[in-house]
Amino acid sequence: MLEQFSFAISVATIAGIYAILSLGLNIHWGEAGLLNFGHVAFFAVGAYTSALLTIAPPGETQAYSFGFGMPVPIGIVGGVVAAGIMAILMGVPTLQLREDYLAIVSIGLAEILRFGLMNENWLTGGVGGIYGIERPLSGIIPFAVYDMFYLVLVLTSLGICYAYSQRLKFSPFGRVLRSIRDDEEAAVALGKDTFRYRMQAFVVGAMMAGFAGALWAHYTTALTPTAFATNITFITWVALIVGGSGNAKGAVLGAGVIISFRELTRYLPDVYGLGDLMPTLRLILVGLLVIGVIRYRPEGLLPERNISYAEYVKRLESDGDAG
Amino acid sequence: MIGVDPQFIVNGAIIGSTIALAAIGLTLLFGVLDFINFAHGEYLTVGAYSAFVVNATLGLPVWAAAVLAVPITAVFALAIDRAVFYPLRRQGAGGLALLITSVGLSIVLRNVIEAIWSSDTRSYAFESGATLNILGIKITMVQILIIVVSVVLMIAIHLLLTQTVLGISMRATASNRSLAMSSGVDAERVVKWTWVIGAGLTAIAGVLIGLNTVLRPSMGFSLLLVMFAAVILGGIGDPYGAMLGGLAIGFTQEISVVFVSASYKPAVAFIIMVLLLLWRPEGLRGGTA
């Protein structure tokens with residue numbers, strides 16, 4: 001019983017981190033129509049930055065040469081900022097061109113970053129990776145309930161990102177983003193600087209992914225390049241598309257469904273002798289899900305719901321009454 | 001370029017010509033279907049592995065395997081189009097829906113290949129022939145063959161595009177689909193032939209790469225970025241641009257080994273691509289695409 005309980009907690013923690021990733025992608029694709037196929041890059045940059053900022057300076061045996069031993073909150077903020085900076089660098093050459101260019105550049109950069117993580121031993125520890133990343137407040141929280149504490153931390157972070165996404169949906173900024181997504185020419189004709197809006201959306205979504213990465217680093221306490229393969233990007237996409245892009249609830253629901261499915265199938269009894277094939281079969285299923293959802297239910301489980309003008313006026317009036 | 005080992009030029013020509021073949025397929029499909037096929041790398045893998053089945057499992061010589069890989073991959077591409085992309089086109093789905101679908105397709109195909117043949121590397125059963133030494137440059141008979149086959153195919157594509165009704169219809173559809181259709185071009189027929197030609201060329205590229213190195217389930221996916229770079233360098237949708245782009249990327253990657261670690265070869269292609277996007281997003285040849 002206790003075993004199942006701690007398993008459930010770990011699945012919920014991982015699902016929560018993926019839900020944050022998925023909310024970030026929802027701002028890119030769902031709200032702004034940006035085709036980001038390199039989401040894992042922001043995740044990785046957030047994770048490695050936070051790890052390097054917080055870890056103790058390396059000893060003789062470690063391959064990496066930096067470690068700043070700073071407090072965990074500074075590490076997380078650093079991870080978020082680093083992911084945002086990378087988004088700016090990626091956005092400059094692509095966000096003024098047609099949508100597909102960003103898709104190509106983002107998938108490319110994510111792959112190259114992974115080469116970099118594997119090869120630049122002085123910075124990332126290479127394939128050996130970085131170990132012994134600090135868990136926040138681990139000295140104060142008793143070990144027995146630490147996983148519970150971390151789950152609460154992840155869910156609180158998810159709550160913040162979710163609240164931001166919901167606010168964005170109904171803010172003027174969110175409306176401009178959706179207008180650019182749906183009809184760029186109309187937005188340009190109304191005098192909107194579409195590049196600037198797109199860039200802001202791209203940076204915000206990337207920062208969420210960086211945040212998720214930092215949470216991941218301090219959860220697993222070890223980082224290796226193999227953990228940042230393109231599959232993470234694809235799983236996040238599947239989560240978003242299945243859940244319903246353009247809808248923060250959908251993004252969270254999708255991440256919950258996909259991660260539960262992935263983690264639970266990991267421990268299926270090996271009835272058919274498929275043990276070694278399971279990861280491959282799981283990915284085949286992921287791919288088929290993408291194809292199937294786009295074809296049969298492109299709006300996902302929870303479709304995007306835009307408030308109508310009448311509803312908007314009503315909202316304004318009730319706000320007015322309250323104030 | 002004094003100081004650069006001439007061996008790089010030969011290696012660049014070998015890599016560049018195979019990339020160019022695969023990139024022509026990618027860019028033709030983009031022109032006609034108006035979406036970037038992220039599963040294109042997997043067509044290359046399918047071509048290479050179908051030749052492997054013919055060669056290693058059925059025991060036919062490698063040249064016969066290479067020839068048979070073309071119709072196998074072309075039929076495969078047509079079947080995939082019918083099952084996956086055609087229904088979306090009929091629904092009137094945009095290029096982005098097709099693009100996301102192709103990403104899903106890429107994951108499926110790559111993992112199906114891995115499930116069947118495992119992630120181990122495979123090789124064709126053949127003699128790579130003598131290694132010649134021309135003015136200090138080493139080149140095997142197979143590598144000469146790779147360059148010759150690629151050049152012949154590129155000339156054939158040029159003749160197809162300029163001299164045949166099909167080729168002219170393809171170019172017309174690529175530059176203005178509705179105008180081409182109102183001039184009596186059967187767009188779905190052009191789409192089918194584009195898949196056949198694009199997948200066929202890509203299959204040959206896969207076999208040639210398999211001859212020069214080894215087969216892996218991820219061989220096509222790992223070349224996807226390089227193919228994109230070649231296509232963007234030449235201007236998306238421009239087959240001649242893709243040829244030039246492929247060769248340029250091949251040479252640059254090989255020469256870059258002098259300056260950076262060989263594991264960053266794909267990064268070199270990527271950096272060229274990003275610089276070009278900043279400087280001339282319409283591609284080196286500029287123009288219509």
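At what angle do helix H2 (residues 40-57) of chain B and H8(B) pack, and how far apart are their axes? In this predicted model, the angle between H2(B) and H8(B) is about 60 degrees, and their axes lie 7 Å apart. Because angles from 65 to 115 degrees count as roughly perpendicular and those under 35 degrees as roughly parallel, this arrangement makes H2(B) oblique to H8(B), and the crossing of the pair is right-handed. On the side of H2(B), the contact is made by B:His40, B:Tyr43, B:Leu44, B:Thr45, B:Gly47, B:Ala48 and B:Ala51, while H8(B) contributes B:Ala199, B:Thr202, B:Ala203, B:Ile204, B:Ala205, B:Gly206, B:Val207, B:Ile209 and B:Gly210. By class, the residues of this contact comprise 10 nonpolar and six polar, with no charged residues.

Helix H8 (residues 187-212) of chain B also packs with helix H1 (residues 6-33) of chain B, at an angle of about 160 degrees and with the axes 9 Å apart. Since angles over 145 degrees count as roughly antiparallel, H1(B) is roughly antiparallel to H8(B), and the two helices form a left-handed crossing. Here the contact consists of 17 nonpolar and six polar residues, and again no charged residue takes part.

Between the chains, the contact draws 30 residues from chain B and 30 residues from chain A. On the side of chain B that touches chain A, at least two residues each come from helix H3 (62-91), helix H4 (95-117), helix H9 (219-234) and helix H11 (265-279) of chain B, and H4(B) gives the most, with 14 residues. This side of chain B divides into 24 nonpolar residues, five polar residues and one charged residue.

One of the helices on that side, H11(B), has 15 residues and reaches 22 Å from its first C-alpha to its last, close to the 21 Å expected at 1.5 Å a residue. Its buried residues are B:Pro266, B:Ala267, B:Val268, B:Ala269, B:Phe270, B:Ile272, B:Met273, B:Val274, B:Leu276 and B:Leu277. The buried residues of H11(B) pack against helix H3 (72-94) and H4 of chain A, and also against H9 and helix H10 (239-256) of chain B.

In chain A, helix H4 (residues 99-119) comprises 21 residues and extends 31 Å from its first C-alpha to its last, close to the expected 30 Å at 1.5 Å a residue. Of the 21 residues of H4(A), 15 are buried, so H4(A) is largely enclosed by the rest of the structure.

Definitions and conventions:
Residues numbered from 1 in each chain as written. Chains lettered and ligands numbered in written order. Predicted model: local features only at pLDDT ≥ 70, side-chain atom pairs only at ≥ 80, totals over all residues. Contact = placed C-beta atoms within 7 Å. Helix = DSSP H or I, 4+ residues; strand = E, 2+ residues; numbered from the N terminus. Nonpolar A, V, L, I, M, F, W, Y, C, P; charged D, E, K, R; others polar. Axes fitted to C-alpha atoms, helices over the stretch in contact; angles between N-to-C directions. Left-handed = near helix turned anticlockwise from the far one by under 90°. Expected span 1.5 Å × (residues − 1). Buried ≥ 20, exposed ≤ 12 C-beta atoms within 10 Å, placed from the backbone.
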